[in-house]
Amino acid sequence: MTGGFEADLRAERRRRIDLEARLTELEESASQSSWNMASQELREARNQLRHARLQEDNAVRAEMKAEDRIQHLRQELSRVAAASSREHAEVQLQAQHREAEVLGR
């Protein structure tokens with residue numbers, strides 16, 4: 001019986017060692033899978049951040065272009081308003097001259 005018991009004990013030890021080895025493999029695999037998953041999530045987060053930064057840069061550029069356009073339009077409006085005022089003044093002056101001519105006759 002002692003020989004059978006020792007054989008059973010050795011078999012159980014081998015089984016335990018095999019199970020421990022398998023558990024270690026599974027833990028390492030799970031750890032590697034977690035690492036891979038975390039690495040993938042990190043890559044995705046970096047890509048999203050890069051994309052967000054590009055969108056922000058594009059928005060800033062678009063805002064600067066819009067501000068430049070607004071400034072240009074304001075300058076053009078001022079120029080047109082000044083020209084219009086001059087034309088209006090000239091028309092009034094001509095009207096006054098005509099009125100003076102009519103009254104002078």
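A: S85 counts as partly exposed, because its relative accessibility is 47%, and partly exposed is the class between buried, under 20%, and exposed, over 50%. Please keep in mind that this is a predicted model.

Where does S85 sit? It lies in helix α1, the element that covers residues 2-104. The protein chain has one helix and zero strands.

Step back to the whole chain. The C-alpha trace spans about 150 × 10 × 5 Å along its principal axes. A compact globule of 105 residues would have a radius of gyration near 13 Å, whereas this protein chain has 44 Å. As for cover, 2% of the 105 residues count as buried. The chain exposes about 9900 Å², and carbon and sulfur atoms supply 55% of that area.

Next, look at the charges. There are 18 positive and 20 negative side chains, and the centres of the two sets lie 3 Å apart.

Begin with R16 and E20. They form a salt bridge in which the closest N and O atoms are 3.1 Å apart. Both residues lie in helix α1, four residues apart, which is about one turn of the helix. R16 is partly exposed, since its relative accessible area is 43%, and E20 is partly exposed as well, at 41%.

Move on to R22 and E25, whose side chains meet in a salt bridge at 3.3 Å, N to O. These two are separated by about one helical turn because they are three residues apart in helix α1. R22 has a relative accessible area of 45%, so it is partly exposed; E25, at 46%, is partly exposed too.

The remaining pair is R79 and E76, with a salt bridge of 2.5 Å, N to O, between their side chains. R79 and E76 are three residues apart in helix α1, and therefore about one helical turn separates them. R79 counts as partly exposed at 47% relative accessibility, while E76 is partly exposed with a relative accessible area of 32%.

Some charged residues form a group of another kind. R43, R46, R50 and R53 make up a positive surface patch. One of them, R50, lies in helix α1 and counts as partly exposed because its relative accessibility is 47%.

Finally, return to where you started. S85 is a partly exposed residue in helix α1, within a chain that has one helix and zero strands.

Terms used:
Residues numbered from 1 in each chain as written. Predicted model: local features only at pLDDT ≥ 70, side-chain atom pairs only at ≥ 80, totals over all residues. Heavy atoms only, no water. Buried < 20%, exposed > 50% of the residue type's maximum accessible area, 1.4 Å probe, protein only. Rg over C-alpha atoms; globule rule 2.2 N^0.38 Å. Areas by Shrake-Rupley, 256 points an atom, 1.4 Å probe, with all protein chains shown as cover. Lys, Arg positive; Asp, Glu negative; His and termini not counted. Charge placed at Lys NZ, Arg CZ, Asp CG, Glu CD. Patch = residues over 30% accessible without salt bridge, like charges linked within 9 Å, V, L, I, M, F, W, Y side chains within 5 Å. Salt bridge = Lys/Arg side-chain N within 4 Å of Asp/Glu carboxyl O.
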